[in-house]
Amino acid sequence: MKEPWWRMLQFMYYEQENWPKVLEILEILVKDFPKREYWVMLASMYGETGEEDKQLLAMEAAHAGGFLTKETDLRAYGALLVQADVPNRASKYLKRGIDEEIIEPVCKNLQLLGQAYQAAHDVPDAIGAFEECGEIDPDGKTFDLLASLYLDSDQYAKCQTAARRALELGGLSNPLATEITLGTCEFHLDNLTAARKVFTDVRRKARRERERRPETMSGDWIKYIDSESKRREELRRAGLAD
């Protein structure tokens, strides 16, 4: 059988939506006529048929063979590695793709790289990727992620700025959570009055929207802030405050 015949047969089975036969022929093609397009098609078909493990293995083999030469290939490979809980490898290959100018350093690619770093608990590099994305294409979701990462790394002033920017830009899936992040950073900056106002606003909105979790969280924060403010006032009156 010549290569074009296999291709024709694969196309005919594809038109019939006979996926087992399509996979069978693609497996022959990658073995006897290894090319980028066959490997990518094989991995894609494994994904379409719910065989994610084989999809990743196909991409692994293609990468080892040097067939993943396009941005779409490396993006798909990186996303599969993150999904398979191998984020360190994902970030390595995505960063290499950007450095070698195969992957364009646009926001969507930097976000994927940042997500890989974040999944690998590499907070500094995740922050770097999302910061670069925020400079290229300011977006509420990007600044929301940055606010959370800044909070996790105790960078409270940057967290405050990023959370406010996220709320200003909008487009957030859970703005109440972003406001809670902002209130938390205000508290850690010792801005108790500002923090209490944020949590009061969150509690009011949460009650109106019948969101129990943010209502409870903001209520707990308000109680804690009031308790802390009272403690400081008592210390001040006793002449023991700093």
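In which loop does D154 lie? D154 is found in the loop between helix 9 and helix 10 (156-169), where helices are DSSP runs of H or I with at least four residues, numbered from the N terminus.

The model is a predicted one, in which local features need pLDDT of at least 70, side-chain atom pairs count only at pLDDT 80 or more, and totals for chains, interfaces and linings use all residues. Residues are numbered from 1 along each chain as its sequence is written, and side-chain values use heavy atoms, with hydrogens and water left out.

| Residue | Phi | Loop |
|---|---|---|
| D154 | about 60° | between helix 9 and helix 10 (156-169) |

Most residues other than glycine have a negative phi. E17 has a relative accessible area of 55% and is therefore exposed (over 50%; buried is under 20% and partly exposed in between, with a 1.4 Å probe and protein chains only).

M8, which belongs to helix 1 (residues 3-15), is likewise exposed, because its relative accessibility is 53%.

Turning to helix packing, the axes of helix 8 (residues 123-136) and helix 9 (residues 140-152) come within 10 Å and cross at roughly 150°, the axes being lines fitted to C-alpha atoms over the stretch in contact, with angles from 0 to 180 degrees between N-to-C directions. Helix 8 and helix 9 are therefore roughly antiparallel to each other, a term for angles over 145 degrees.

Definitions and conventions: Helix = DSSP H or I, 4+ residues; strand = E, 2+ residues; numbered from the N terminus. Parallel < 35°, antiparallel > 145°, perpendicular 65-115°, else oblique.
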